[in-house]
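Open the model in your viewer and keep the selection tool ready. The stops below go from the whole chain to its parts.

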Amino acid sequence: MMKAHRMKIIVGVGIAALLLSGCGSAQPVELPMASAQGSSSTTSEKTTHVFTGKMVGIEEVTIYAKAAGRVASVHYDIGDRVEGNAVLFDLEKTELEASLQMAKADLAQAKAKWEEAKKGTRPEEIKYAEAGWQQAINKYQDVKNGKRPEELVQLQAALQSAKTAYELSTAKKERTQTLFSQGAVSEQALEDAQAVVAQAEAQYKRSAEELTLAKAGVTDSALQALQANVEQMKSLYDKAKNGFTPEQLAQFEANVQKAEAAVSNAEYQLKNAAVISPLKGYVSANNIHAGEMVNASLPAMTVVNTDQMYVVIGVSEADIARFTVDKQVDVSVEATHDKLQGKVVRISPKADAGTNTFTVKILLDNAKGHFRSGMTGEVQL
């Protein structure tokens with residue numbers, strides 16, 4: 001029994017020695033390393049490294065309307081191919097076109113005034129302004145000097161005539177009233193007689209007021225108003241005679257420039273009613289329909305250019321030295337079973353604070369359109 005036990009111990013020690021002697025030739029297996037946008041895995045220093053990432057279009061833009069408005073028509077939908085400068089959708093233009101026409105009319109008016117100002121005042125306008133000034137002077141002098149005796153006599157005669165006309169029309173109205181009550185005249189005849197009385201009475205009152213004012217003389221306030229009118233007419237005459245000052249001409253020119261700016265703005269607003277795509281590609285999102293209101297702060301469409309694609313991967317600090325710009329790498333796309341070569345075109349100079357990895361972009365050709373944004377790509381290095 002003791003002999004058998006010793007044999008077991010010897011055999012166990014021998015097996016352990018054999019296992020220890022083999023450890024020097026065993027190779028360690030490196031575990032896969034997670035990256036920010038995928039993962040990389042290696043099996044040895046000389047084996048292939050695989051980095052997994054997402055594919056994105058080389059260009060992507062979100063389209064906004066320049067201003068709020070109602071959608072008149074939508075020309076493209078999700079999946080449609082668009083060319084650069086293609087009109088994606090139109091906003092209603094009726095009000096914008098009207099605003100443009102008004103701005104053009106204002107511009108034409110401003111230009112006409114400026115041209116007239118540059119030509120100077122016409123001779124007939126100078127004579128007209130001078131006559132107005134002289135008329136204001138004469139009126140001021142007449143009022144200031146008061147009515148002459150013969151004028152007072154004329155006003156007295158006018159008052160007497162108006163009084164007589166009022167009395168006659170009143171008597172005629174009373175006769176017509178009597179005849180109307182007897183059924184001898186129509187109601188229209190009575191109304192006409194009443195209207196004549198009203199007119200005669202108004203004229204009689206005006207004549208009485210004019211005679212009273214003439215006898216009393218002009219008030220200081222009325223005389224001051226007439227004098228101010230003389231000064232104003234003199235200023236207009238001087239302006240017509242001397243023409244516009246350089247400052248006034250500059251103001252006319254500034255009005256033209258302001259009107260031109262208004263036209264340019266109206267044209268710009270009208271142009272922006274047709275919302276275009278700044279790049280060629282495919283519509284990847286559409287948030288609008290005809291008849292809806294759009295807001296300038298909300299995205300309307302998204303267009304992505306997938307003629308070329310990026311595979312975007314996250315690379316750890318330990319592996320970033322393996323990548324250099326313009327380096328060719330192998331890429332596999334599982335969704336399409338494609339294997340092709342890509343080129344490293346972008347390497348971030350700074351690690352992402354959250355994942356502590358560096359972003360690397362590999363450029364792929366997608367002329368056949370097999371690849372789509374969001375597909376998974378495996379970069380082998």
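What share of the 381 residues in the chain is buried? Buried residues make up 27%, where buried means under 20% relative accessible area (1.4 Å probe, protein chains only). This is a predicted model: local features need pLDDT of at least 70, side-chain atom pairs count only at pLDDT 80 or more, and totals for chains, interfaces and linings use all residues. Residues are numbered from 1 along each chain as its sequence is written, and side-chain values use heavy atoms, without hydrogens and water.

Color by secondary structure. The chain has seven helices and 14 strands, taken as DSSP runs (helices H or I, at least four residues; strands E, at least two) and numbered from the N terminus.

Next, select 123-145 and 220-242, helices α3 and α6. Their axes, lines fitted to C-alpha atoms over the stretch in contact, come within 8 Å and cross at roughly 165°. That makes α3 roughly antiparallel to α6 (angle over 145 degrees, on a scale from 0 to 180 between N-to-C directions). Show side chains: the contact (heavy atoms within 4.5 Å) includes Trp-133 and Tyr-140 of α3 and Met-233 and Tyr-237 of α6.

Now select Met-55, Val-311, Ile-313, Val-331, Val-360, Ile-362 and Val-379. These have the most contacts inside the largest nonpolar core, of 19 residues. Such a core is a set of buried Ala, Val, Leu, Ile, Met, Phe, Trp, Tyr and Cys residues joined through side-chain atoms within 4.5 Å. Strands β3 (50-63), β10 (301-315), β11 (328-333) and β13 (358-365) each supply at least two of its residues.

Last, pick Ala-86, Ala-273, Leu-279 and Val-303. They are among the 17 residues of another core, apart from the largest one.

Definitions and conventions: Parallel < 35°, antiparallel > 145°, perpendicular 65-115°, else oblique. Buried < 20%, exposed > 50% of the residue type's maximum accessible area, 1.4 Å probe, protein only.
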